[in-house]
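Dear colleague,

I am handing over the structure below, and after it you will find what came out of going through it. Please read the two side by side.

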Amino acid sequence: MKKLLRLSLLGLLLLCSVVVNGAQVPKYIFLFIGDGMGFNHVEATQIYAEKVGTDTGERSLLFPTFPVMTQVCTRSASHLITCSSAAATALATGEKTTNYVIGMDAEKNHGLKSLARQLKDKGYKIGIITSASIDHATPGGFYASQPDRSMYYEIGVDAANSGFDFFGGAGLLEPRSKRNPSAPCLYDLFNQKGYTMFRGMDAYNRATAKDKILLFPTDTVSKSLKYAMDRSAKDLSLPDLTKACLANFQETEKKGFFMMVEGGKIDWAAHAHDGGAVVKETIDFDQCIRLAYDFYKNHPNETLILVTADHETGGLGLGNSDMNLNIDLLQYQKCSQEALTAAMREMKSGKMIPSWEDMKAFLKKNLGFWEQIKITPREELELLVCYEESFLKKKSKDVVSLYAKDEPLAVAAIALLDKKASLGWTTKTHTGAPVPLYAIGKQAVLYSGRRDNTDMANVLRKLFLIK
Ligand SMILES: [Zn+2]
């Protein structure tokens, strides 16, 4: 009898904890990851927004105003400086792994389960949104378990098998297996698993399918969405994808949702030392967070928004000569280093090689040189030498960074602009600097204090009573 009483008391206690926890867990979870976005990437963008304003007229970023703000340690299991796949694994699964491994333990013996997969089992809708391809390291960390982040085909297979509800990004890097030609095409595999693929917002907006969505750009070859500063109204954007996924989930969710949105090209721009593109990508990322914030305002007691980064890229410094920060000069940069490279290559391949005066006019138009930005005779001489080597003697080689092969004159011109804007870079890769975390909404306070990247999943896991 006593035993029976004890058992029923235990049962009651368990039931209570489930009910209490049911009331404690956020029903709607947004995790925004600014890839490569360190404290200085945010501060440079904040200064830019205050001095120049955003294209949509804001004079501040939104996410730095969130009430909980702290720093996150980004080390991986193998290195003090993490790569994106080890960082994504830590953020998504709550366990650290070796650099270049994705969703597996540090010894590559077994797969790790992400919080997103566990929430999927609880009936949450899961959305994975990125400005890179959906099989890239950061999105992959949430659904894939592979020994190497470059196994894009296998990561794509994991995506098709995930059962996740919405994938939005630049598409797939390896739709056909390079190692096994008889393996099925990933598009067919996704189709078999019940996914519908749309290319571009027009196609998506005409659609009636609401479940298991792939939303990609109309352009089938790009490895990422266009930089915010290079795109036109018809190009698919990260805010477009965020909006589409959120609208879909508002309509279809029954138990809640989890959305991961990656600002992937903050990292790409930082690897290439393109300060203007870093700032514009961070503003674009903020626009996505504003969409979540509007949703939060309607569901304040059920929504949690987390904004963080996987690591810092570039060792971005604010200040390189005196006490002035001239970040406002970045407003004269009209396109990314990548787009400058493309334009210069086209000029180079034309019948008429542009003269130095033509090139000066081009740099004036796209970077404000000599007009809004004073260029000294010595600085002009350095650009001229670079132009002669590249355009006349055709001697110089492309400047290679992780995601780009850029025209030397474009790189020299952007480096000069960054110098004028008081930006400094210490490395072409990642650093071990801590990254910021901003949080608002249900249980945001649990993220206060110095955090480890594994806490992003583990704090929530505890609340959900998931092991
Ligand atoms: Zn990177």
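The charges of the protein, 57 positive and 52 negative, have mean positions that lie 6 Å apart. Please keep in mind here and in what follows that this is a predicted model.

Of the 467 residues in the protein, 57% are buried.

On overall dimensions, the C-alpha trace extends over about 95 × 55 × 45 Å along its principal axes. The radius of gyration is 24 Å, which agrees with the value near 23 Å that a compact globule of 467 residues would have.

Turning to secondary structure, the protein has 16 helices and 16 strands. Ten strands come together in an open sheet with mixed pairing, and their order is 5-6-4-3-7-1-8-15-2-16. Strand 5 (196–199) and strand 16 (451–452) are at the edges of this sheet and have a single partner strand each, so one side of each is left without a neighbour in the sheet. Within the sheet, strand 4 (residues 166–168) and strand 6 (residues 213–216) run parallel and are joined by three bridges; for Phe167, the bridge partner in strand 6 is Leu214.

With kind regards

Definitions and conventions: Residues are numbered from 1 along each chain as its sequence is written. This is a predicted model: local features need pLDDT of at least 70, side-chain atom pairs count only at pLDDT 80 or more; totals for chains, interfaces and linings use all residues. Side-chain values use heavy atoms; hydrogens and water are left out. Two strands pair if DSSP finds at least two bridges between them. Helices (H or I, at least four residues) and strands (E, at least two) are DSSP runs, numbered from the N terminus. The radius of gyration is taken over C-alpha atoms; the globule rule is 2.2 Å times the number of residues to the power 0.38. Buried means under 20% relative accessible area, exposed over 50%, partly exposed in between (1.4 Å probe, protein chains only). Lys and Arg count as positive and Asp and Glu as negative; His and the chain ends are not counted. The place of a charge is taken as NZ of Lys, CZ of Arg, CG of Asp or CD of Glu.
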